[in-house]
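Notes follow in the order I looked things up.

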Amino acid sequence: ADLSGADLTHENLSGANLRGADLRRADLSFTNLRNANLTGANLRRADLSFTNLRGANLTGANLRRADLRRADPFVALTGAIMPDGSVHK
């Protein structure tokens, strides 16, 4: 799905399957992504501030330059590209 630049602020996407979705520069602040599948999603420069990511799967996701300020913790990050460009192991 191409959701690049989308305004998804305050949406309830709990349990959503966003595997491989293009969410570049999307505004996901204050969004509920609890238990969402974001495997391989492109979240480059996305605003994830104050987002509920508890239980979300971000394996292989691109989080480069994403805003994760005050985002709730998440678990599966294996292979994710972190905001600083490093790859999580």
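Started with Phe50, which comes out partly exposed at a relative accessible area of 38%. My cut-offs: buried is under 20% relative accessible area, exposed is over 50%, and partly exposed lies in between, with a 1.4 Å probe and protein chains only. Phi of Phe50 is near 60°, a positive value in a residue other than glycine. I flagged that because most residues other than glycine have a negative phi. Arg25 also went on the list, with a positive phi of about 55° although it is not a glycine. Arg25 counts as exposed at 58% relative accessibility.

Housekeeping before I go on: this is a predicted model, so I kept local features to pLDDT of at least 70 and side-chain atom pairs to pLDDT 80 or more, while totals for chains, interfaces and linings use all residues. Residues are numbered from 1 along each chain as its sequence is written, and side-chain values use heavy atoms, with hydrogens and water left out.

Where does Arg25 turn up again? I found Arg25 in a surface patch of positive charge, together with Arg44, Arg45, Arg64 and Arg65. Patch rules: residues have over 30% relative accessible area and no salt bridge, like charges are joined within 9 Å, and nonpolar side chains (Val, Leu, Ile, Met, Phe, Trp, Tyr) within 5 Å. The place of an Arg charge is taken as CZ, and areas come from the Shrake-Rupley method with a 1.4 Å probe. I checked Arg64, which is partly exposed at 33% relative accessibility.

Next I looked up salt bridges (a side-chain nitrogen of Lys or Arg within 4 Å of a carboxyl oxygen of Asp or Glu). How many does the structure hold? I got two. Asp22 pairs with Arg24, the closest N and O atoms being 2.6 Å apart; Asp22 is buried at 17%, and Arg24 is partly exposed at 38%. Asp67 pairs with Arg69 at 2.5 Å between the closest N and O atoms. Here Asp67 counts as buried at 19%, whereas Arg69 is exposed at 57%.

Then the inside. Taking contact as heavy atoms within 4.5 Å and skipping residues up to four places away in sequence, I see Leu28 touching Leu8, Leu13, Leu43, Ala46, Asp47, Leu48 and Thr51.

Beyond its neighbours within four places in sequence, Gly20 contacts Thr39, Gly40 and Ala41.

How values were computed. Lys and Arg count as positive and Asp and Glu as negative; His and the chain ends are not counted.
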